[in-house]
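Please consult the sequence and the structure as you read.

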Amino acid sequence: MTIKTEAWVLHPGDKGAAPQATELALEAFEFEDPGPDEVLVSPLFGCMEGNMGHAVERKPIDICRARGEQTCVVGNAGVMRVDKVGANVTTCKQGQEVLLFCNGVWDKYGYPERIFAYDAPGTMGVLARKQKLHQQQVIAIPENSTHTREQWAAFSLRYITAWSNWELAYGTLRLLVPEKDLPNPVAWGWGGGVTMGELALAKHYGCDATQIASSDERLSAIEALGIRPLDRRGFKDLYYDKSRFRKDEEYTERYIAAEKVFMAHVQKITGGNNVNIFLDFVGVPVLRATLKALAREGVIATAGWKEGMLIEMVRATECIARHQHVHTHYAKYSQGLDAVAFAEKHHWLPPLEGKVYSYEEIPQLFKDYRDGKVGWFPIFSIND
Ligand SMILES: NC(=O)c1ccc[n+]([C@@H]2O[C@H](COP(=O)([O-])OP(=O)(O)OC[C@H]3O[C@@H](n4cnc5c(N)ncnc54)[C@H](OP(=O)(O)O)[C@@H]3O)[C@@H](O)[C@H]2O)c1
């Protein structure tokens, strides 16, 4: 049987043309009935996420062309109601509310190779009024949860990414330096919602946590979670660009001055001991300063490359300092289950602020996201 619904869809961009932002189109959309390992759901709330923006901007890839599909539906963070389950489904029941687990294609150990509703072929995201997913792409919201569906929608991608990244980063630090030698590690982070989730976990694990950000609203949100906010507007020229460094005198002077201010903060806040775990979701422009701030036996951890991914470092220096570089990509299913159980018990969910966009306002949400007018967890409703 064919299921008929409507969705905000993307079509391929012009072949060979420079990447260009597109408008989403609201269209009728059809797909086949779910198979025995699949579920049919109605999305309730979604959360705007970086790769939804990338898909519409067609940067770094045109996902329709990469997937060889004429029509793609994005949206990989959200909460849905289960309408129907296939005969083999054990992870959820009809009528239950679930969150989206966006592992699209996984390897033999369960870790994601491709992301659902982004680069995983044949997957359809929460911008559709009905969706079909594999049973391991949903996680039941705990019964009688004390948290809202909007919070779980915001949690589903960024906080599960944070869980998997933190588990490896903290575990790596503890292989290097046991708790008896370093009871309260220092954890810092650059970036947005994933970094915030991870630093909230760091606090839970007894770390002294600091997040760097650059707007009054973000700094207040960080402080409200008990994480030390550090305003990067005080060193706004900390943007390393190898092509200009030492070639453009004025740029170099500004960069070095900013790096000095940043390192003075590191010195003061850490009492000269530097940072044990540095979460860097930004990449190239901050890597030089991040590595300078990292303590010996320090861990630099990431799952993101917001401002550039081709990094250079001096291997000898990193080896001698015993710096460990942790790289992860979303999570495997068992980590998703663990993250949800922990979140419910310890109230580890994103703080939400701002309006909830209606389904009709989704193109406006993409525009506001592009213009930097929304917070780290912008929520939209689909079938509520
Ligand atoms: N691999 C995965 O599984 C996975 C999952 C989720 C996200 N990601 C990636 O991780 C990255 C972060 O995502 P997110 O959703 O947590 O954050 P986000 O909402 O994209 O926010 C990123 C934040 O980084 C800060 N920033 C930007 N440029 C900076 C710079 N030059 N120096 C210092 N800070 C800078 C900004 O904070 P201020 O403006 O306040 O300074 C910005 O709000 C993105 O690239 C995303 O695609 C990967």
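The protein chain is assigned domain 1 (2-148 + 352-381) and domain 2 (158-327), with bounds that come from an automatic or database domain assignment. The model is predicted: local features need pLDDT of at least 70, side-chain atom pairs count only at pLDDT 80 or more, and totals for chains, interfaces and linings use all residues. Residues are numbered from 1 along each chain as its sequence is written.

**Domains and ligand**
- The centres of domain 1 and domain 2, taken over C-alpha atoms, are 30 Å apart.
- The ligand lies between domain 1 and domain 2, because both give residues to the shell around it.
- Among the 29 residues around the ligand, those that come nearest are Gly50, Gly192, Ala213, Ser214 and Gly304; a residue is near a molecule if its C-beta atom, placed from the backbone, lies within 6 Å of it.
- At least two residues of the shell come from each of α1 (50-57), α3 (149-176), α4 (193-204) and α7 (284-293); helices are DSSP runs (H or I, at least four residues), numbered from the N terminus.
- The shell comprises 13 nonpolar, 11 polar and five charged residues, with Gly counted as polar.

**Helices α6 and α7**
- The axes of α6 (residues 249-270) and α7 come within 10 Å and cross at roughly 30°, where axes are lines fitted to C-alpha atoms over the stretch in contact and angles run from 0 to 180 degrees between N-to-C directions.
- This makes α6 roughly parallel to α7, a term for angles under 35 degrees.
- Glu259, Phe262, Met263 and Val266 in α6 meet Ala289, Lys292 and Ala293 in α7; contact requires C-beta atoms, placed from the backbone, within 7 Å.
- The residues of this contact are five nonpolar, no polar and two charged.

Conventions. Parallel < 35°, antiparallel > 145°, perpendicular 65-115°, else oblique. Contact = placed C-beta atoms within 7 Å.
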